[in-house]
Amino acid sequence: QATKSNLNGLKLSNDQPIQIESDALEIREQDKTALFSGNVKVVQGTTTLQSGNMTVHYRGEGTSVTNGNADIEKIDVTDKVFLSSGTQQATADKGTFNLDSQIFVLEGDRVVLSEGQNVFVGCKLTVQMNSGEAKLDSCGGRVQIQLDPKSQKK
Amino acid sequence: MLNRVDNGTMTADNPPGGDAYRLAVSHSARVKRLKVLLPVIAFVISLAFAGVSVVRAYLPENLQIASAKIENGKVVMEKPAIAGRNGDGISYSMRAERALQDIKNPNIIALETITAAVPLNEKTIARVEALSGVFDRSSDLLDMDKPFTIKLSTGIEASFQSAHLDIKGGKMESTEPVAIKAQEASIVAQSLKITDKGRIITFEGAVRVNIEPSAIRKTGN
């Protein structure tokens with residue numbers, strides 16, 4: 001049983017630059033990873049992602065980062081993830097952005113998706129990045145939905 | 001007189017004594033002179049030889065210099081150039097306008113206006129341009145105390161306030177802010193460490209990364 005909603009702010013717009021801040025960044029050419037650690041904050045337009053760590057997996061032969069044509073494949077965020085985009089916000093334990101399939105997933109014991117006063121709680125939030133369509137799964141348990149009466153009148 | 005003896009004839013018209021005597025005198029004078037000159041020449045040659053070997057000992061074997069002179073206790077070399085191969089057999093080179101080497105401690109060479117080509121790994125060569133630096137010949141460590149830039153052969157440009165370079169090991173560390181600029185991204189941080197021959201790059205302290213949209217567009221749908 002899942003609820004659907006649109007996190008339209010979540011679309012990964014590819015015409016705005018991305019700023020990433022963190023305490024440290026370690027680029028490992030051998031394993032093709034760039035590990036941002038410590039107060040990681042990623043901002044693109046109105047979308048902000050914050051987490052303890054973020055690992056960017058990239059493709060590219062040889063020394064792709066040092067020759068600047070790194071092709072990002074997947075981004076893993078761990079250690080308390082907070083995502084906010086426009087009016088919608090989500091919190092979870094960890095998340096994965098898969099650039100190829102354009103899907104990003106937030107997981108955790110309590111994945112909380114909120115929009116204004118409406119709060120949805122589940123264990124897995126799957127968002128189609130290009131459409132912004134979000135699906136919150138309860139993985140067996142009940143999805144708790146708390147709708148704000150005011151929002152009903154709209 | 002010697003020739004005379006060679007042809008073994010004593011001509012009559014040459015009164016014995018007079019001529020021969022004069023020749024003998026000049027010969028012995030020559031001998032006397034040589035007796036003094038020869039050791040002196042020998043001494044000078046050995047001195048020169050010692051000098052060259054001393055200078056040679058001070059300078060690394062693979063160093064070429066345009067000229068060298070000794071000024072107040074320092075060997076001052078013009079346009080020194082060092083080249084060699086690092087562990088992986090990739091050649092590294094370093095040139096400077098001037099190099100000053102203290103006679104007492106020949107391993108440490110202060111360099112002015114440096115350009116170096118440091119192999120980070122098989123594919124990436126880092127070209128270093130700096131105002132000054134101190135090169136430790138015994139361990140091939142270059143200590144840059146003034147701001148400098150490094151251009152990677154891959155088009156990335158890094159600017160530093162200071163850094164320690166292990167030329168042979170392909171390692172580098174800077175404890176002061178660095179800024180790295182690539183075509184589609186830029187990174188700024190308080191410190192940087194490059195180890196494992198350029199395969200691990202670690203930034204620490206207020207890391208800011210900016211990725212241009214064009215970089216994402218490539219990966220976008």
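1. The note opens with L37(B), which is partly exposed in this predicted model, its relative accessible area being 40%.

2. On confidence, the model scores ipTM 0.79 and pTM 0.70. Chain B averages a pLDDT of 79, and 81% of the residues score at least 70. Among the elements of chain B, strand β16 (residues 200-211) has the highest mean pLDDT, at 93, whereas helix α1 (residues 2-7) has the lowest, at 48. Over residues 6-11 of chain B the pLDDT is below 50, and this stretch has one contact in the model beyond near neighbours in sequence. Where pLDDT is low, predicted coordinates should not be read in detail.

3. The secondary structure of chain A consists of one helix and twelve strands. Read from the N terminus, the order of its elements is β-β-β-β-β-β-β-β-β-β-β-β-α. Chain B, for its part, has three helices and 16 strands.

4. Burial and surface may be taken chain by chain. Of the 154 residues of chain A, 45% count as buried; chain A exposes about 7,400 Å², with carbon and sulfur atoms supplying 50% of that area. In chain B, buried residues make up 35% of the 221 residues. The accessible surface of chain B comes to about 12,500 Å², and 62% of it belongs to carbon and sulfur atoms.

5. In chain B, the corresponding share is 33%.

6. The largest nonpolar core has 71 residues, and those with the most contacts inside it are M54(A) and F203(B). Leaving aside neighbours within four places in sequence, M54(A) is in contact with I20(A), A34(A), L35(A), F36(A), V40(A), V42(A), L49(A), I75(A), D76(A) and V77(A).

7. S84(A) has its place in strand β6 of chain A, residues 81-85. This serine counts as buried because its relative accessibility of 14% is under the 20% limit. Not counting residues up to four places away in sequence, S84(A) touches T46(A), T47(A), T48(A) and Q89(A).

8. E173(B) lies in strand β12 of chain B, residues 171-174. Its relative accessibility is 34%, so E173(B) counts as partly exposed. With neighbours within four places in sequence left aside, E173(B) is in contact with A163(B), H164(B), L192(B) and K193(B). A separation of 9.7 Å lies between the C-alpha atoms of E173(B) and I201(B), which are 28 residues apart along the chain.

Notes: Residues are numbered from 1 along each chain as its sequence is written. Chains are lettered from A and ligands numbered from 1 in the order in which they are written. This is a predicted model: local features need pLDDT of at least 70, side-chain atom pairs count only at pLDDT 80 or more; totals for chains, interfaces and linings use all residues. Side-chain values use heavy atoms; hydrogens and water are left out. Helices (H or I, at least four residues) and strands (E, at least two) are DSSP runs, numbered from the N terminus. Buried means under 20% relative accessible area, exposed over 50%, partly exposed in between (1.4 Å probe, protein chains only). Contact means heavy atoms within 4.5 Å. pLDDT is the predictor's confidence in each residue, from 0 to 100. Accessible areas come from the Shrake-Rupley method with a 1.4 Å probe; for residues, only the protein chains shown count as cover. A nonpolar core is a set of buried Ala, Val, Leu, Ile, Met, Phe, Trp, Tyr and Cys residues joined through side-chain atoms within 4.5 Å.
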